[in-house]
Amino acid sequence: MNAVIPIQAAGRGCADAPVLKERGQREVFCGLTGIIWLHRKIQDAFFLVVGSRTCAHLIQSAAGVMIFAEPRFATAIIDERDLAGLADCNEELDRVVTRLIERRPEIKLLFLVGSCPSEVIKLDLSRAAQRLSGRFNPGVRVLNYSGSGIETTFTQGEDACLASLVPSLPASEASAPPELMVVGTLADVVEDQFARLFKQLGMGPVRFFPPRQAGDLPPVGANTRFLLAQPFLADTAHALQARGAQRLAAPFPLGVEGTTAWLQAAAASFGVDAALFERVTAPARERAAAALARQRTQLAGKSIFFFPDSQLEIPLARFLSRELGMALTEVGTPYLHRSHMAEELALLPEGTFLSEGQDVDKQLDRCRAARPDIVVCGLGLANPLEAEGLTTKWAIELVFTPIQGFEQAADLAELFARPLVRRARLATPPTRTAAVAAGSPQPEAQPCN
Ligand code: SF4
């Protein structure tokens, strides 16, 4: 008997809802940002950005300086050159890579990451990767992808990186039994929780992509069924499907509902018994629901406005409205992938204002007019909006923090509750009673000088 999805959409939700499409100035980070979480995940990979000093500054300030460990990312700075200088550029790149691989024998996978300066665009990094892979094979595989900020958002760096890895995945046997692949970077703690749940459900083998070690790439073929753990992996999904894998349609594993439906999609596909599914997932679901009930008291009735940034906006909006009672003022997303988002859109409340792309000034005007209780946006917009009295949450924090799964549902809600609590504290001066209760020193009456 197959498990039954217990989650009900009210009508068709936003499945056919109109979407405001905007194409104007955008305020987003570039795809190089993905290196920060990808290099932590694939523990023997190195990311060599081929870029400018700006790229080097971005990576350095976003990732911080590693004091005790040698970093596994760096920037090869390409200065202004004409086309005649490109031969030297390739030689220089080869020299840098050779020195790096000689010095760092633990590196098994090297990504040459392209950027947007015109000097870099002129360089053929895929050729360079092939040439260097041939030279260092089989010890080190060299691949390339673009993290350029032209027409991309910061999470697309991961999509480009994983899509570049798909051709390297080994082919599975034609007669192999079905396997599940979970696609998208998850914090190790979250990955371990999901692996335990799949095991208790009797499902396996289950493989995670990207893997923690470059030598542990999951096989792919017609027997592969994959679940997207992140909503920004359109190219990766396409590349896996081109290799015969089948995507399991599901909402994303955010909150109790999303995680249940996500696990359920895999369980149904692998014929897991409904009673077993209930037995395995009920304890974690109940714990998460109880923890969310506490956060709900802070968040219910509060309004939220999403600027387009991470592509996590629609699943987050679904979670915040359905499980925490928040009101959705506008849900902006940089791109709307209709088929990957179908299950999410069906769960959004009817009438939600959806927008795709950005014309930042117009969107700022809508946000100011709406005066939402909290705004989710990029770093560039957060400070000006805070200065105008709005409460903000940085979108990037939602990618750096483990938020998927039952055990993280309350932590995810808290990420939204915390700025509201902080704002409320700032707005309310402590009363004498509160100060006494907190054991604070009592202000003495001071004579005026
Ligand atoms: S890739 Fe482009 S947008 Fe990103 S840091 Fe480099 S120059 Fe800036």
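Which residues does Val183 touch, not counting residues up to four places away in sequence?

A: This is a predicted model. Leaving aside residues up to four places away in sequence, Val183 touches Phe209, Phe226, Leu227, Leu228, Ala229, Leu233, Thr236 and Leu240.

Val183 also belongs to the largest nonpolar core, which has 123 residues. Together with Phe47, Leu48, Val50, Phe111, Val113 and Leu227, Val183 is among the members that touch the most others. Helix α9 (residues 255–269) supplies the largest share of this core, seven residues.

Next comes helix α6 (residues 156–165). Nine of its 10 residues are buried, so α6 is largely enclosed by the rest of the structure. The buried ones are Gln156, Gly157, Glu158, Asp159, Ala160, Cys161, Leu162, Ser164 and Leu165.

The bond from Asn137 to Pro138 is cis, with omega near 5 degrees, and Pro138 sits in the loop between α5 (125–136) and β5. The bond from Gly204 to Pro205 is cis as well, with omega near -5 degrees; Pro205 is in the loop between α7 (188–200) and β7.

Backbone angles call for a note at two further loop positions. Gln311, in the loop between β10 (303–306) and α11, has a positive phi, near 75 degrees, although it is not glycine. Gln311 has 26 other C-beta atoms within 10 Å and is therefore buried. Arg371 lies in the loop between α13 (360–370) and β13 (374–377), and its phi is also positive, near 45 degrees. Arg371 has 13 C-beta neighbours inside 10 Å, so it counts as partly exposed.

Helix α11 (residues 313–322) packs with helix α12 (residues 338–347) at an angle of about 25 degrees, and their axes are 9 Å apart. The two helices are therefore roughly parallel to each other, and α11 passes α12 in a left-handed crossing. On the α11 side the contact involves Ile314, Pro315, Arg318 and Arg322; on the α12 side, Met341, Glu344, Leu345 and Leu347. By class, this contact has five nonpolar and three charged residues, and no polar ones.

Methods. Residues numbered from 1 in each chain as written. Predicted model: local features only at pLDDT ≥ 70, side-chain atom pairs only at ≥ 80, totals over all residues. Axes fitted to C-alpha atoms, helices over the stretch in contact; angles between N-to-C directions. Helix = DSSP H or I, 4+ residues; strand = E, 2+ residues; numbered from the N terminus. Parallel < 35°, antiparallel > 145°, perpendicular 65-115°, else oblique. Left-handed = near helix turned anticlockwise from the far one by under 90°. Contact = placed C-beta atoms within 7 Å. Nonpolar A, V, L, I, M, F, W, Y, C, P; charged D, E, K, R; others polar. Core = buried A, V, L, I, M, F, W, Y, C linked by C-beta atoms within 7 Å. Buried ≥ 20, exposed ≤ 12 C-beta atoms within 10 Å, placed from the backbone.
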